[in-house]
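User: I would like to go through a protein model step by step. Please show it first.

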Amino acid sequence: MLGLNKTVTPTQITHGQRLWLYALAGLVLAFLIIPCLIVIPMSFSASQYLEFPPREWSLRWYQAYLGSPEWMAATWMTFKVAICSTFIATLFGTLAAYALAQVRGGLAVLVRGLIMLPMLVPIILVAVGVFFVYSRTGLNNSVSGLILAHSVLAMPFVLIAVGNGLQGFDMNQEMAARSLGASRTWAFVSVTLPQLRLSIFSGALFAFIASFDEVVVALFIVSGDSSTLPRKMFANIRDQIDPTVAAVSTLMIGLSLVLLVVMQRIKRRQLEETA
């Protein structure tokens, strides 16, 4: 009861007065997490079909995934596209954030809005637009087209992360380096970039996740040998519905948890450096 009477805001709101908010947040988290927890035991089922709870336990579906050339090809394609997209989005997103931090006015707002547009527009509209543009340029069903599309989708995450890092950076340090004879490029590389490394790495992680999990654009512009893992999973659910997709989902949940831990450690280090 003493904890419920403890204030949590400057306006003297207590934990007890926020119980309804905590309960609502708990329900939302349960709604999001419980399906993931159900998928994990389903992946260890010995049944031919998805069932919960499993009547018998087996690793057969992990073996089916690891031993399938189609699943492995989709997995390597996903990692290849995600890594390339992350590199491109991180490079151009960082440069864009740095440039926008130096510019003020309507032009900066317009450029920022254009970069952020893929995050604001429904993904299905983006996918349809990309499909029609690629149909005229010959990029449909190509790895390079998918990498380009994913880079555009991932760039807003890098822009936000690096932009937040630049807000806490004293640009006078770069100006001092330039006043001592360093070129603008060298001052950026030697002074600014090292202090933004955690923000850049955080943005790169978000970009990687955005590309790795993307399925809607992939459904529109790639197929066959160019299919990614999320697209393969979608096709499996639509056509076969066997527990292989549960095994893949469990592995992806594990990867997401690892990336979440890494991002939390990065955030903690950022707070320690700014303290």
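User: Which helices each supply at least two residues of the lining of the second largest pocket?

Analyst: This is a predicted model, in which local features need pLDDT of at least 70, side-chain atom pairs count only at pLDDT 80 or more, and totals for chains, interfaces and linings use all residues. Residues are numbered from 1 along each chain as its sequence is written, and side-chain values use heavy atoms, with hydrogens and water left out. On a 1 Å grid over the protein atoms alone, a pocket is an open set of points with protein on both sides within 12 Å along at least five of seven lines, and lining residues have an atom within 4 Å of a point. Helices are DSSP runs (H or I, at least four residues) numbered from the N terminus, and those asked for are α4 (106–120), α5 (123–137) and α6 (143–167).

User: Which helix gives the most to the lining of the second largest pocket?

Analyst: The second largest pocket has a volume of about 240 Å³, a volume being the space filled by probe spheres set on grid points joined across faces, edges and corners. It is lined by 14 residues, and the closest to its centre are Pro118, Val126, Val130, Val152 and Leu153. With five residues, the helix that gives the most is α5.

User: What is the volume of the largest cavity?

Analyst: A cavity is a set of grid points where a 1.4 Å probe fits but cannot get out. The search of the whole structure finds one cavity of 30 Å³ or more. The volume of the largest cavity is about 40 Å³.

User: Which helix gives the most to the lining of the largest cavity?

Analyst: The lining consists of Ile209, Phe212, Asp213, Met252, Leu255, Ser256 and Leu259, of which five are nonpolar, one polar and one charged. With four residues, the helix that gives the most is α12.

User: How many helices does the protein chain have?

Analyst: Read along the sequence, the pattern is α-α-α-α-α-α-α-α-α-α-α-α. There are zero strands (E, at least two residues). The number of helices is twelve.

How values were computed:
Nonpolar A, V, L, I, M, F, W, Y, C, P; charged D, E, K, R; others polar.
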